[in-house]
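Biologist: I would like to learn how to read features from a model. Please take me through them one by one, with the general idea before the case.

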Amino acid sequence: MISESVEPVYPPKPSPGDRVAVISPSSGLPGLFPLPHELGLRRLKEEFGLDPVEYPATRKMGSTPRERADDIHAAFADPTVKAVIASIGGDDQITVLPYLDRELIRAHPKPFFGYSDNTSLLAFLWQCGVVGYHGSSVMCELGRPGAMAPLTADSLRAALFTSGPYELRPADRFRDIDLPWDDPESFAGEPPTEPAGGWHWHRPERVVEGRSWGGELEILSWHLMADREIAPDPSAYDGCVLFLETSEELMSAEHVFRILRTMGERGLLRRFPALLMGRPKTWSFARPLDAEAKAAHAREQREAVLRALVTYAPETMAVFDVDLGHTDPQVVIPYGGTVRVDGPARRVTVTY
């Protein structure tokens with residue numbers, strides 16, 4: 001493993017007209033649901049001016065970890081490819097990491113975009129000293145029904161093509177209820193949204209600026225259990241900004257607390273002076289909660305996070321309901337890049 005003390009490198013950015021790799025490091029769902037995938041590819045071409053290139057496992061369900069690792073290596077090693085974007089998440093990307101060549105990826109740093117199960121590859125890049133980008137998969141954000149949410153499109157455009165500070169803004173409205181990907185009618189118009197309610201701050205007395213680390217909470221818990229992509233010395237995270245999200249599996253508040261408790265017992269949680277907590281997903285096809293149950297799920301998750309902070313990181317500042325992770329619109333968070341959380345001014349600025 002490359003030392004966790006390696007200073008992060010921001011990879012060079014693509015320009016309109018450049019080739020970008022579209023890969024499936026987790027699941028080959030583009031093969032089952034071509035409608036959002038192909039819509040996302042068209043938007044990459046028509047709205048962002050990029051030339052998407054697919055790889056052998058991009059649309060292959062059941063591809064092996066080795067096949068997916070081969071696609072990752074090919075995408076990073078190709079000098080004509082200027083960025084790498086995940087098609088979608090999944091649930092077993094941790095099995096791909098042992099096949100990856102750290103030196104190859106370190107020698108050919110490129111912007112990688114993905115979230116959810118792609119937390120595994122983002123954490124891998126962090127250990128390699130390469131800044132990644134948490135957000136904007138092809139099927140979900142680029143393949144959104146109707147049009148891309150303006151907040152999402154603006155953030156992705158800034159993260160793809162520009163370097164420097166970018167201030168995050170809370171969404172006025174958000175979408176929580178999904179539409180079936182196998183029905184063409186799902187893509188015929190704008191999906192329903194609801195009022196967002198702004199961010200919620202905890203202990204906003206100071207300003208924190210540091211490298212970011214985190215991702216989807218359950219994926220991080222697997223790395224804690226497997227002892228993968230976690231710095232052996234917790235001090236590697238001193239002064240970093242933690243960001244977390246939860247998925248459409250709607251894990252219980254108690255599950256959230258127990259994972260954070262594990263981080264606390266490991267001496268990790270207190271290392272982070274600030275936390276950005278993504279707006280929780282509160283609806284899924286498996287659990288189509290009504291409005292009252294949705295509100296209760298979000299409230300209970302926030303209470304669980306606060307309970308863990310009070311116990312293990314009482315000085316940590318937190319911002320809840322940030323538009324990151326499994327939500328729409330969605331902002332891109334640089335993974336290993338600089339994040340500034342200004343409590344008194346109630347502002348969050350990332351560096352792309």
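Modeller: Let's begin with handedness: a crossing is left-handed if the near helix is turned anticlockwise from the far one by less than a right angle, and right-handed if clockwise. Helices (H or I, at least four residues) and strands (E, at least two) are DSSP runs, numbered from the N terminus. This is a predicted model, where local features need pLDDT of at least 70 and side-chain atom pairs count only at pLDDT 80 or more, while totals for chains, interfaces and linings use all residues. Residues are numbered from 1 along each chain as its sequence is written, and side-chain values use heavy atoms, leaving out hydrogens and water.

Biologist: Which hand does the crossing of helix 8 and helix 9 have?

Modeller: That crossing is right-handed. For the angle, axes are lines fitted to C-alpha atoms, for helices over the stretch in contact, and angles run from 0 to 180 degrees between N-to-C directions. Helix 8 packs on helix 9 (residues 291–312) at about 20°, and their axes are 8 Å apart. Helix 8 is therefore roughly parallel to helix 9; angles under 35 degrees count as roughly parallel, over 145 as roughly antiparallel, 65 to 115 as roughly perpendicular and the rest as oblique.

Biologist: Which residues of helix 8 and helix 9 make the contact?

Modeller: Contact means heavy atoms within 4.5 Å. Helix 8 contributes residues including Phe257, Leu260 and Arg261, and among those from helix 9 are Ala304, Val305 and Tyr312. By class, this contact of helix 8 with helix 9 has eight nonpolar, two polar and five charged residues. Here Ala, Val, Leu, Ile, Met, Phe, Trp, Tyr, Cys and Pro count as nonpolar, Asp, Glu, Lys and Arg as charged, and the others, Gly among them, as polar.

Biologist: At what angle do helix 7 and helix 8 pack?

Modeller: Helix 7 (residues 217–226) and helix 8 (residues 253–265) meet at about 40°, with axes 10 Å apart. That makes helix 7 oblique to helix 8. Their crossing is left-handed. Among the residues in contact are Leu217 and Leu224 of helix 7, and Val256 and Ile259 of helix 8. Six nonpolar, three polar and one charged residues make up the contact of helix 7 with helix 8.

Biologist: Now cysteines. How many disulfides does the structure hold?

Modeller: A disulfide is a covalent bond between the sulfur atoms of two cysteines. The cut-off is a pair of cysteine sulfur atoms within 2.5 Å. This structure holds zero disulfides. Cysteine 128 is in none, and the nearest cysteine sulfur, that of cysteine 240, is 16 Å away.

Biologist: Is cysteine 128 buried or exposed?

Modeller: Buried means under 20% relative accessible area, exposed over 50%, partly exposed in between (1.4 Å probe, protein chains only). Cysteine 128, at 0%, counts as buried. Cysteine 240 is also buried, at 3%.

Biologist: Where is phenylalanine 174 found?

Modeller: Phenylalanine 174 lies in strand 7 (residues 173–174) and is buried, with a relative accessible area of 9%. Leaving aside neighbours within four places in sequence, phenylalanine 174 is in contact with residues including Glu194, Arg279, Asp328 and Pro329.

Biologist: What does threonine 152 touch?

Modeller: Not counting residues up to four places away in sequence, threonine 152 touches Ser136, Glu141, Asp328, Pro329 and Gln330. Threonine 152 sits in helix 6 (residues 150–161) and is buried, at 2%.
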